[in-house]
Amino acid sequence: MDVGLVCDACSALTPIGVPQCARCGEPVALDPRPRNKAPSVAGNNGAAATAAPAKKPGGTTCTKCGTNVPPNFKFCQICGTRVVVAATDFAVDTRPGGSQKPAVTGQQAKQDPRGTLPFGGSPGAVARAKLTLIRGDGEDGISFSLAGIDHLAGRGECPISFPDDPFLSPTHCNFRYGNNQLVVRDEGSLNGVYVRITGTVRIEPGATILVGEQVLTVGPAKGFEDLPDAEGTYYSASMMRPSTIEIVQQLRGGSSGWVYRPDTELVTMGREGNDINFPDDPFISGRHAQLQLTGGVLSVTDLGSRNGTFVRVTGEHVLKHGDYVFLGQQLLRVEIV
């Protein structure tokens, strides 16, 4: 499964962390709103006043260099500054079935300066947590307040919807409250839900982990029987070596890639100098993670990697403040408030 964002201009897949599309050069970002404030100018009374950038016919004036930027450009073609777009020009449709948005009071606007979208609760409900989308450039994007009990996410008509993500199921997962805890539950999605681990975590046989762009299924090595067929003939092939752990690479389309069967109880993975190396994966650290099987217990450890090690959720998983959840091509940070 590839990890990245889909370019809005040409629909090419761009890896996470790359700010521009490799095919067409367009910037890759989910939130086109500017982070820079409008310049301040002095009024007639000497007080500073905030002035919106003046628009010229057929374009917008760049707030940094004054260049006239064409209407369809999100960045200045001269200096690269993000074009200032009025808030009314930017609409986040979290429900593909309709563009109706919840009313936001003046008090809510003061409390949500980054454009947090409240949903799922009755008017006046207090959100106990929120999910912040991590954009392709690594910066924070839109946030979703979790003010109700159930908060479905997916590609379809869900409160948290990413309709352009082809790796999300229509109803992919549910962020819900139970026993005063926030949990995420996979709703039978095709590609699953992954949570970033810290330190060492025990995993069950057959668990799936995400390391960089590599989706790996891990379990104790299976035994084999060398038996003849009904006519007494043995199958001739390569010898099966003794092994402890079996690691299977999952490929795009649902097929399996290589199978690694080491005869040691500890296996390291990374870009180079490990038991298993992925030199062409730009999202894997030099020493990224390790797997260990001790006394029949299987565990995975993140070795301080930059992009983290993720484990696929089975059933419900309790979320903590600061956790990262990966679904489809979307990376969300959990913030308990």
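This is a predicted model: local features need pLDDT of at least 70, side-chain atom pairs count only at pLDDT 80 or more; totals for chains, interfaces and linings use all residues.
With a relative accessible area of 0%, against the cut-off of under 20% for burial, Thr309 is buried. The side chain of Thr309 is joined to that of Asp302 by a polar contact of 2.7 Å. When neighbours within four places in sequence are left aside, the residues in contact with Thr309 are Val195, Arg196, Ile197, Leu210, Val211, His288, Ala289, Val300 and Asp302.

Strand S24 spans residues 297-302, and because five of its six residues are buried, the strand is largely enclosed by the rest of the structure. Strand S16 (residues 200-203) runs antiparallel to S24 and is joined to it by four bridges, with Arg202 having Ser299 of S24 as its bridge partner. S24 also pairs in the antiparallel sense with strand S23 (residues 289-294), here over six bridges, and in this pairing Gln292 stands opposite Ser299. S23 and S24 form a hairpin in which two residues lie between the strands, and Gly295 in the turn has a positive phi of about 60 degrees.

Four aromatic pairs are present in the structure. In one of them, the ring centres of Phe310 and Phe326 are 6.2 Å apart and the planes stand at 55 degrees, so the pair is classed as tilted. This pair links distant parts of the chain, since Phe310 belongs to strand S25 (residues 309-312) and Phe326 to strand S27, 16 residues apart. Both Phe310 and Phe326 are buried. Elsewhere, Trp258, Tyr260 and Phe278 form one aromatic cluster. Charged side chains are also found over aromatic rings: Arg128 lies over the face of Tyr177 at 3.7 Å from the ring centre, while Arg196, which is also among the contacts of Thr309, lies over the face of Tyr324 at 5.7 Å from the ring centre.

The count of salt bridges comes to 10. One of these is formed by Lys130 and Glu335, whose closest N and O atoms are 3.9 Å apart. Lys130 and Glu335 are both buried, and the two residues belong, together with Asp140 and Arg333, to a network of salt bridges. A further salt bridge, at 2.8 Å from N to O, is made by the side chains of Arg185 and Glu187. Here Arg185 counts as partly exposed, at 27% relative accessibility, and Glu187 likewise counts as partly exposed, at 31%.

Lys320 is placed in the loop between strand S26 (316-318) and strand S27 (324-327). The side chain of Lys320 meets that of Asp323 in a salt bridge of 3.7 Å, N to O, and Asp323 is buried, with a relative accessible area of 8%. Not counting residues up to four places away in sequence, Lys320 touches Val334 and Ile336. Between Lys320 and Ala129 the C-alpha to C-alpha distance is 9.9 Å, although these residues are 191 residues apart in sequence.

How values were computed:
Residues are numbered from 1 along each chain as its sequence is written. Side-chain values use heavy atoms; hydrogens and water are left out. Buried means under 20% relative accessible area, exposed over 50%, partly exposed in between (1.4 Å probe, protein chains only). Two strands pair if DSSP finds at least two bridges between them. Contact means heavy atoms within 4.5 Å. Rings of Phe, Tyr and Trp (its six-membered ring) pair if their centres lie within 6.5 Å; planes under 30 degrees apart count as stacked, over 60 as edge-to-face and the rest as tilted. A charge sits over a ring if NZ of Lys or CZ of Arg is within 6 Å of the ring centre and within 35 degrees of the ring normal. A polar contact is a pair of N or O atoms within 3.5 Å; within protein, one must be able to donate a hydrogen and the other to accept it, and residues adjacent in sequence count only if both atoms are side-chain atoms. A salt bridge is a side-chain nitrogen of Lys or Arg within 4 Å of a carboxyl oxygen of Asp or Glu.
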